[in-house]
Amino acid sequence: MRLTVLLKYISLTILIASFGVTSTVAQNRSDASERIPQVWSVSFEGNTSFTGVVLKSQISTEAPGFGEKLKFWDKTGFEFNEKEVKRDVIRIRNYYQRRGFINVEVGYEVNTKNKPWKRAVIFRVEENNPVRIQNVEYEIKGDDKDVRRVWESRTFGRAQSQHSYQQGNRYAIIKEPEVVGRFSDVIKNLGYAYVDVKVNAAVDSAALSANLSIQADLGPQTYIDSIQVEGIETVDKNYVLRESSLHRGEVFSLNKLQEAQQELFNHHLFRFATISIPAQPQDSTLNLLMRIRENEQRSVELLAGFGTEDKFRGQASWTHRNVAHRGHKFNVLARASFIEQYVNMGYQFPYIFNTKSSVIISPFGQHLLESNYELLRAGITNSFIYQYSQNLTGSASYEFTKNKELSRQRDISLPDTTLEYDLSSLQLSGYYRQGYGREQEGWVIQPYLEYSGFFGFASFSFQKVSADIRRFTRLSSSTMLATRLQGGGLFHASSDSLPSNIRFYLGGTNSVRGWYRNELGPKRVRGDSTGFNTYVPLGGKAMLGFNVEVRQKLNFLIDGFGMAAFLDGGQIWETFARIRQRPIQFGIGGGLRYQSPLGPVRVDIGYKLNPTNQDLDIYQGTNYGNAWNRIGIHFSIGQAF
């Protein structure tokens, strides 16, 4: 009897449990079927003139990226909206038509993927043949002398051969502002401030051809009659006009107007500067309006940071931007870290023979504490700086310094090092940057030449040449390829033994990251009474290094967050004769980046691919190192000065 009751109880329990499981499964299936459909992928078919990446930037429908798909805890967003997909069809069609494909056909298809809430959106494009430009004519209206002057201008001829509306090209309506702007700028630079440029097009939609007429109404040639300056408080108007290089009576030029505005904007006295043409009668005289906002005459700046190389670092500066109301700049700067303590004063004459030229006189003192030497030096640098354009600057400097080099351990003498010496050198340097804005793109080139031994004041004479070449290539909106090549050499040295501070070094946070600061290359043994202690770098007369880094933004996780993968390499050679004896060494690794409110945060881990015995702390067959000798860990927060 008890056994029968027990079996009935067990059967009832199993039935209830089975019902519960069945209910749960059914509920999960119900949740999955009731889940709001999401766009899981977006693709294009039939597009040949424009890539899918370009077309995706024109539509509203968006699919989650790889990182978003991994966020299982957050499945909101990217909801499928068929009305929006239909609007995207119109957007794609308009995009093509504005670029010459007037007969384009666009459709779409929506498929369900492996789960009922996942949608794959496919846009199908049939481009068909575009409208082609059959003929281009040019018409210039104005006085005969002015018309002849424009026709004979090289810049106008160059614009004719380079604009987008060339015979045989697609007739893209969207290119019209670009063409109008190109010809307007060229003619304005010839002095015609009120030129009016138009493009008239006769389109044969059946023949898919277009005949264009580019027309320019010159108006009068204009001359600067007056320049009004607003917003100045402590600076004299004549000083502003001198810094702009604009003069009454000269022929108007749009380029010169823009250069003048840039010169004023870059000047240390001004925070803001614009130059405009106010409303006025359109005759041969031209009145300009400058609006200026001055910087504070005196300011204090404090900066701080932290890094694995220099530990804590700080910088303080005081600046006076208008000494004696003559536009001269005076500043005092001090910075300190566990590696370097530095102080200098600088006095800048901002105008020598034009607004692009300046001279800076700067006495300084420095204490440098490296792993292989300690340096005390004081001197003065006189620099002539010429800013040829916004992205090209050159400088010529004369520097005289008195130096004292000390051993970090007094019971160990530094080989090939002069303890006290003077340097008298001429230094030539340049800086070219192709792109603008906060994020660098394009080329950055920095050559450097130093000739020591001037006026017979130097203890050593030598020639030092180096170059740093960088290239920033955008692979996508969130991916950047950064490459760098640097090299240098010391030539015609009066002595085989040069001070440590003059030699080349590699390794560290901003160099070959598998090694710590200056540690790549030849080394010497540092020991004590117990024997081997460590290796310290020797530096060398020849240097070659490179960096290849892929930077990926991860803003979908945290705004300002990113990661990088890199391959670094290089070598230091004691002399040119030893180049064949020491091969290039490589380091590979990755890191994280974050733009924090305190400044950029950076963590990199590099791994030595082909270390030497010295890199691994192996001395006379005995291994004094460990696994960490192959790894370089670099951390930095705040600005690197």
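Is Arg335 buried, exposed or partly exposed, and what is its relative accessible area? Arg335 is partly exposed, with a relative accessible area of 23%, where buried means under 20% relative accessible area, exposed over 50% and partly exposed in between, with a 1.4 Å probe and protein chains only.

This is a predicted model, in which local features need pLDDT of at least 70 and side-chain atom pairs count only at pLDDT 80 or more, while totals for chains, interfaces and linings use all residues. Residues are numbered from 1 along each chain as its sequence is written, and side-chain values use heavy atoms, with hydrogens and water left out.

Arg335 takes part in two kinds of contact. With Glu340 it forms a salt bridge, the closest N and O atoms being 3.2 Å apart; the term stands for a side-chain nitrogen of Lys or Arg within 4 Å of a carboxyl oxygen of Asp or Glu. Glu340 is buried, because its relative accessible area is 16%. The charged end of Arg335 also sits over the ring of Tyr342, 4.4 Å from its centre, a description that requires NZ of Lys or CZ of Arg to be within 6 Å of the ring centre and within 35 degrees of the ring normal. Arg242 is placed over the ring of Tyr351 by its charged end, 4.0 Å from the centre of that ring.

Side chains of opposite charge can pair when their charged atoms come close. The structure holds 29 salt bridges, including one between the side chains of Arg313 and Asp310, at 3.2 Å from N to O, and both of these residues are buried. Another joins the side chains of Glu178 and Lys175, at 3.8 Å from N to O. Here Glu178 counts as partly exposed because its relative accessibility is 40%, and Lys175 is partly exposed because its relative accessible area is 34%.

Phe50 and Phe101 form an edge-to-face pair, 6.2 Å centre to centre with 75° between the planes. This pair links distant parts of the chain, since Phe50 lies in the loop between strand 1 and helix 2 (52-56) and Phe101 in the loop between helix 4 (82-97) and strand 2, 51 residues apart; helices (H or I, at least four residues) and strands (E, at least two) are DSSP runs, numbered from the N terminus.

An open sheet of three strands has the order 1-3-2, with mixed pairing, where two strands pair if DSSP finds at least two bridges between them. Its edge strands are strand 1 (38-45) and strand 2 (105-112), each pairing on one side only. Strand 1 is joined by seven bridges to strand 3 (residues 118-126), and these two strands run parallel. Within this pairing, Phe44 stands opposite Phe123 in strand 3.

Methods
Rings of Phe, Tyr and Trp (its six-membered ring) pair if their centres lie within 6.5 Å; planes under 30 degrees apart count as stacked, over 60 as edge-to-face and the rest as tilted.
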